[in-house]
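Hi everyone, thanks for coming.

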Amino acid sequence: MTLGDYRTKRDFAVTPEPQELEGERTSEHDEARFVVQEHHARHLHYDFRLEMDGALRSWAVPKGPPEEPGVRRLAVAVEDHPISYIDFEGTIPPGQYGAGTVQIWDRGTYDLEERKPGELRFVLHGVCLHGPYALIRLRPDGKHWLLIKRQPSSS
Ligand SMILES: [Mn+2]
C-alpha cells in the first residue's frame, strides 16, 4: 500500500483535502470503517472506501453502490487515500484533481469475511448500506471491479 499516488496528484497549498498521510488509528482492535463519498466532479460518482492496512482502499462507483441484493455495479479502483480522508467533506477547487464537491453519503463499520487477490467479501454496517457485499476484480491486475450486494444467504 502506498499513498504516494495520493500525494503526487494533489497540491496541498490549494486543495482542502487531508495532507497528513499517517493513519489515525492506534489500535488494531478497533472496528474497521468504511465511507461512501458523493463526489460531484466532472462526472458524478460515489467513492467507496474501506479502511484497510493503514489506508483507505478506494473505488469510484459511477452509479453508486447497490442497495438491493443481487445488484452489481462497476467500481473502478483508484489510489489509496489516507485514513483521515474518511471524514472529508468540502469543495476541491477548479483545476485541482477531482475538482468539485465531496459529501459523505454513508459511513459505518464492516466485518471482513474473506480477502484474496482480486476478491473481498465483507458485511457492511452503515445507515444506507448494510448486509453482505463483495468486490470482485474483473481481470488480473485490472482497475475494473464489480461491487456486488450479495444475497443474505449466499456466500
Ligand atoms: Mn472521486
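Let's start with Lys-63, which sits in the loop between strand 3 (55–61) and strand 4 (72–81); strands here are DSSP runs of E, at least two residues long, numbered from the N terminus. Quick housekeeping: this is a predicted model, where local features need pLDDT of at least 70, side-chain atom pairs count only at pLDDT 80 or more, and totals for chains, interfaces and linings use all residues. Residues are numbered from 1 along each chain as its sequence is written, and side-chain values use heavy atoms, with hydrogens and water left out.

Is Lys-63 buried or exposed? Exposed, with a relative accessible area of 68%; the cut-offs are over 50% for exposed, under 20% for buried, partly exposed in between, with a 1.4 Å probe and protein chains only. Leaving aside neighbours within four places in sequence, Lys-63 is in contact (heavy atoms within 4.5 Å) with Tyr-46 and Arg-73.

Now the metal. Which residues coordinate the manganese ion? They're His-39 through ND1, His-45 through NE2 and Asp-47 through OD, at 2.1 to 2.3 Å. Along the chain, the spacing of these donors (N, O and S atoms within 2.8 Å of the metal, or 3.2 Å for Na, K and Ca; water is not among the atoms, so the site may look incomplete) reads H-x5-H-x1-D. Both His-39 and Asp-47 are buried.

Technical notes
Helix = DSSP H or I, 4+ residues; strand = E, 2+ residues; numbered from the N terminus.
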